[in-house]
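Below are some numbered remarks for a reader who is opening this structure for the first time.

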Amino acid sequence: MKRHLTPMIRLLRPAAILLSALALLAPLRAQDATPLPATPAVTAAPPAEEMISTLVLRNESVDMVLDLYERWSGRILLRPPTLPAATFTLNLDKPLPKSEVLRALETLLNRNGIGLAPLGERFTLVSALNLIRADAPELIDGSTLSLPPSGRIAAKIFKLSFLRVAEFSPQIAPILSPAIATPPAIFEKTNSFLVVESIANLQRIERLIAELDRPASGSLAVKSYDLKYAKASDLANKLRTLLAGPLAAQIGSATTYQPDDRTNQLLLISDPREQPFFDSLVARLDTRADPTTRSEVIFLKHADAVKVEALLAKLVSGQNSAAQTSGSGSARAPAKAPAAPTPPNPATPAVPAAAAALVNSAAASEEFSSLLTIVSDERSNAIVVAGTPDDIRLVVSLVNRLDVLLAQVRIEVVIAEVTLNDNASSGVDALGLRVENNKLTGFSASGPGASIGGIGTDGASGFAQSTGYGQNLTAAIGLSTTPRKDRSSILSVPTIVTTHNKEAEIFVGETRPVISGTQSTPSGASGGSFNTSSTVTQQKIGIRLKVLPLIGSSGTVQLKIDQQVEDVLGTVKIDGNDQPRIGSRTTTSFVSAANGEIIVLGGLQRNTESKSSSRLGPIPILGDLFGSRSRAKGRTELIFFLRPIVLTNTALDNVEALKRIDDTPQAKKVREVLDHRPAALPPLPESPAAEPAP
């Protein structure tokens, strides 16, 4: 009990001393009867704040601290049944005003998980810090900076002017009291948030908002440049290119410049210290220049002007689309795809893969301007280009690399029909050929239908290294063009010449009329009879071979081969008309071969059936009745021999053709025509010199 009364005794000592002094001065004032002169009225000074001499707490309970706070504050404390258990220690060894001692007790309670929230003029709510928000603490309307800092819990609404509350409120979470553990309540519509915290923390938040809630452009200035020669959008793109990369780090993050083409101005928003740099840069770029556009006509020697124009249009439009998608500025304004007349039913141009790769690599770091226009002239097979000198230079460079003579290939073809016996499963076996990976490499036996030229008895052959010069394919494989006893014969020996990625076609057969439709019209007035007319179309029936070559840089040839064989199997009557029954056999093959290798393709077999009878005597009917009859079934297969020969555009390409000419009876006359060279034309006569005027 004595320990609890010690603070009270210390507080009463100054008051007792003061009362004793007043009692000693009272008789002196009563003996002094001399009237004092009148003095003007003086405003009474505010009463001095009560002082607390000392306060020492050693492991005191919460009840002791709350009792002291209630006695000195003069407010009634509203306490819950339970509070966080804690012991309090405080040593105030010097006299302090009572208000400061109360702030010390508020802060001490706050640090031990107990909050005080004033309720009106007479009451103060006591609660645990984690529940203080639900107990409706005091709401401060004005600034908290005029209040003395303490641990007293209060609420305040902060309204932001320039910062966004959704971005700012999470950033102050580290400075909030972890004991309260209550995040700010955000009100996005008013751009404000409510915080329940101690007075000291509310003051920190208010100072932070006063420092940060300012307009971002407070240190920025706006300047406009009236351009005389340059276009505003072009100049802005040039600046973006110049200031990209490492230079971007030297410019302020808030610096921006936008073009206004309507007034041809460049608007700069930046720190005033950066304006001299932009003044110098704009002055150097906004200078007079000669006209930057001109036209050029590029005559093509080998490529098709319409297809080259389509390729260039795709390149320009694709490059500009990629630049717009990436959003990166460039020295050139985004260019639109050049408008070009579209031919009827345009087909996608077949561009070699090597040429396309060449275009892509050439234009990877180059751009076209918005002034570029490309038009093709089909009559002269030329490309007309209008644009800047850089545009024309780029287009000419691309066209020169595209307008090249594509590699050519001569494909010799031998189509042989082989009649198969019961022992032969295929035409290749019947001819005694040895085929590996569709390549003719030798013979497996002495075939009855072919004598393979240039092959030794040991099977060694030069087919894989054959150049194809000096010996035609028919002689190389040793097949005869006339039927032989082994019933193998050559049906056709065509030769085709085509270029890289250009399909060639061979057709061997006939054309038959086929009724595709009929039409009936009345022939008389009564309409009892009709005239019937038929629509006839010509249908090709035979052997069709399509070859699409792709020529590699090393001389290898990749072939896509489509084979189609159609035979007339018989006839069928349709509406009283005989129509042919057509059987079809088709295959598609992909073969890669070296220059001069012989490709063998087979497998197109057909079953045949024949009937025969012998006549007895001169009487036809009796001879047929009593003569012998026989039926025969057989199989035939078509074998295709192909030899691709890459042409070199030299005299070697004509060796095979000249040899065939020499084997003909008209060789001499043909040689005379081929060897004839026209004489050189005489020079033009010189025009007479113009006489001087008198």
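**Notes on the predicted model**

1. The axes of helix α14 (residues 655-662) and helix α15 (residues 667-675) cross at roughly 140° and come within 8 Å. The two helices are therefore oblique to each other, since the label roughly antiparallel is kept for angles over 145 degrees. On the α14 side the contact is made by L658, I661 and D662, and on the α15 side by A667, V670, R671 and L674. Sorted by class, the residues of this contact are five nonpolar, no polar and two charged.

2. Of the 694 residues in the chain, 34% are buried. Among contacts between residues at least 6 apart in sequence, 69% join residues at least 24 apart.

3. Helix α2 (residues 62-73) and helix α3 (residues 98-111) form another pair, with axes that come within 10 Å and cross at roughly 150°. That angle makes α2 roughly antiparallel to α3, because it is over the cut-off of 145 degrees. The crossing of α2 and α3 is left-handed. From α2, the residues V62, V65, L66, L68, Y69, W72 and S73 take part, and they meet K98, V101, L102, L105, E106 and L109 of α3. The contact of α2 with α3 has ten nonpolar residues, one polar residue and two charged residues.

4. F88 lies in strand β4, which spans residues 88-92. F88 has a relative accessible area of 0% and is therefore buried. Leaving aside neighbours within four places in sequence, the contacts of F88 include V62 and V65, two of the α2 residues that meet α3. L109 is also in contact with F88, and L109 is one of the α3 residues that meet α2. Further contacts of F88 include L57, R58, N59, E60, S61, L108, N112 and I114.

5. Which residues of helix α7 (residues 275-285) are buried? They are Q275, F278, L281 and V282. These residues lie on the same side of α7, because they cover an arc of only 125° around the axis. An α-helix has 3.6 residues a turn, so residues three or four places apart point the same way. The other side of α7 carries the exposed residues P276, A283 and R284.

6. The axes of α6 and α7 come within 11 Å and cross at roughly 125°. That makes α6 oblique to α7. Their crossing is right-handed. L235, L239 and L242 of α6 make the contact with L281, V282 and L285 of α7. The residues of this contact are six nonpolar, no polar and no charged. L281 and V282 are also among the buried residues of α7.

7. N264 has a phi near 55°, a positive value in a residue other than glycine. With 21% relative accessibility, N264 counts as partly exposed. N501 has a phi near 60°, again a positive value in a residue other than glycine. N501 lies in the loop between β22 (495-499) and β23 (504-522). At 24% relative accessibility, N501 counts as partly exposed.

8. Is A305 buried or exposed? A305 is buried, with a relative accessible area of 0%. A305 belongs to helix α8, which spans residues 305-326. Leaving aside neighbours within four places in sequence, A305 is in contact with L300, S376, D377, N381, A382 and I383. A305 and I383 are 78 residues apart along the chain, and their C-alpha atoms are separated by 6.1 Å.

Definitions and conventions: Residues numbered from 1 in each chain as written. Predicted model: local features only at pLDDT ≥ 70, side-chain atom pairs only at ≥ 80, totals over all residues. Heavy atoms only, no water. Buried < 20%, exposed > 50% of the residue type's maximum accessible area, 1.4 Å probe, protein only. Helix = DSSP H or I, 4+ residues; strand = E, 2+ residues; numbered from the N terminus. Arc of directions from axis to C-beta. Contact = heavy atoms within 4.5 Å. Axes fitted to C-alpha atoms, helices over the stretch in contact; angles between N-to-C directions. Parallel < 35°, antiparallel > 145°, perpendicular 65-115°, else oblique. Left-handed = near helix turned anticlockwise from the far one by under 90°. Nonpolar A, V, L, I, M, F, W, Y, C, P; charged D, E, K, R; others polar.
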